[in-house]
Amino acid sequence: ISNFAFASSNPNSRAMDMFIESSHLDQSLDESYRKMTEAMVQQNLLSNELSNEYSEFLRENVSFKALEKDIRAIYADKFSETELLELAAFNHTSVGKKMIDLGPTIGTEVMILSQNKLNEKLPAFLKKIENKKVKAKK
């Protein structure tokens with residue numbers, strides 16, 4: 001839970017445009033989906049044959065272009081015009097550029113880590129739940 005007070009800004013403002021352009025949100029989101037699809041193929045969760053079809057499905061439904069209006073509204077609800085300009089300025093620093101460049105890779109690694117942990121822990125959890133159901137029936 002955050003202690004930050006949320007400001008509001010215009011989703012179509014010049015500050016928003018500068019932030020989106022500087023953060024490469026369109027490229028980052030689309031690259032995240034590409035990496036996620038590759039990871040799914042590597043983990044045998046998606047076949048090579050279906051990966052192109054899945055990628056097209058993502059492009060049509062959850063690409064930056066498909067979600068841009070909503071993404072702008074989310075950021076506009078959370079950041080003021082001044083904050084968006086500060087974020088845009090940060091994105092032009094070497095650390096900001098590094099964060100943008102590594103964002104999709106880090107996101108994919110976190111997704112894989114989470115999936116592996118779930119795969120490791122889920123069977124025991126499901127067994128525990130099933131045991132509780134059996135005991136409840138008695």
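Visitor: Which residues make the nonpolar surface patch of about 280 Å²?

Guide: A patch is made of residues with over 30% relative accessible area and no salt bridge, with nonpolar side chains (Val, Leu, Ile, Met, Phe, Trp, Tyr) joined within 5 Å and like charges within 9 Å. A salt bridge is a side-chain nitrogen of Lys or Arg within 4 Å of a carboxyl oxygen of Asp or Glu. Areas come from the Shrake-Rupley method with a 1.4 Å probe, and for residues only the protein chains shown count as cover. Here F90, V95 and M99 make the patch.

Visitor: What should I know about the model itself?

Guide: This is a predicted model, in which local features need pLDDT of at least 70 and side-chain atom pairs count only at pLDDT 80 or more, while totals for chains, interfaces and linings use all residues. Residues are numbered from 1 along each chain as its sequence is written, and side-chain values use heavy atoms, leaving out hydrogens and water.

Visitor: What is the relative accessible area of N91, and what is N91 in contact with?

Guide: N91 is also placed in helix α5, which covers residues 81-91. Its relative accessible area is 5%, so N91 is buried. Contact means heavy atoms within 4.5 Å. Setting aside neighbours within four places in sequence, N91 is in contact with F19, S22, S23, G96, K97, M99 and I100.

Visitor: How far apart are L87 and A15 in sequence and in space?

Guide: They are 72 residues apart in sequence, but their C-alpha atoms are 9.6 Å apart. L87 is found in helix α5 and, because its relative accessibility is 26%, counts as partly exposed. Beyond neighbours within four places in sequence, L87 is in contact with F19 and F79.

Visitor: Which residues of helix α1 are buried, and what covers them?

Guide: Helix α1 spans residues 14-23, and its buried residues are A15, M16, F19, I20, S22 and S23. Their cover includes α2 (25-42), α4 (64-78), α5 and α6.

Visitor: Which residue just after α1 takes a positive phi?

Guide: That residue is H24, with a phi of about 55°.

Conventions. Helices (H or I, at least four residues) and strands (E, at least two) are DSSP runs, numbered from the N terminus. Buried means under 20% relative accessible area, exposed over 50%, partly exposed in between (1.4 Å probe, protein chains only).
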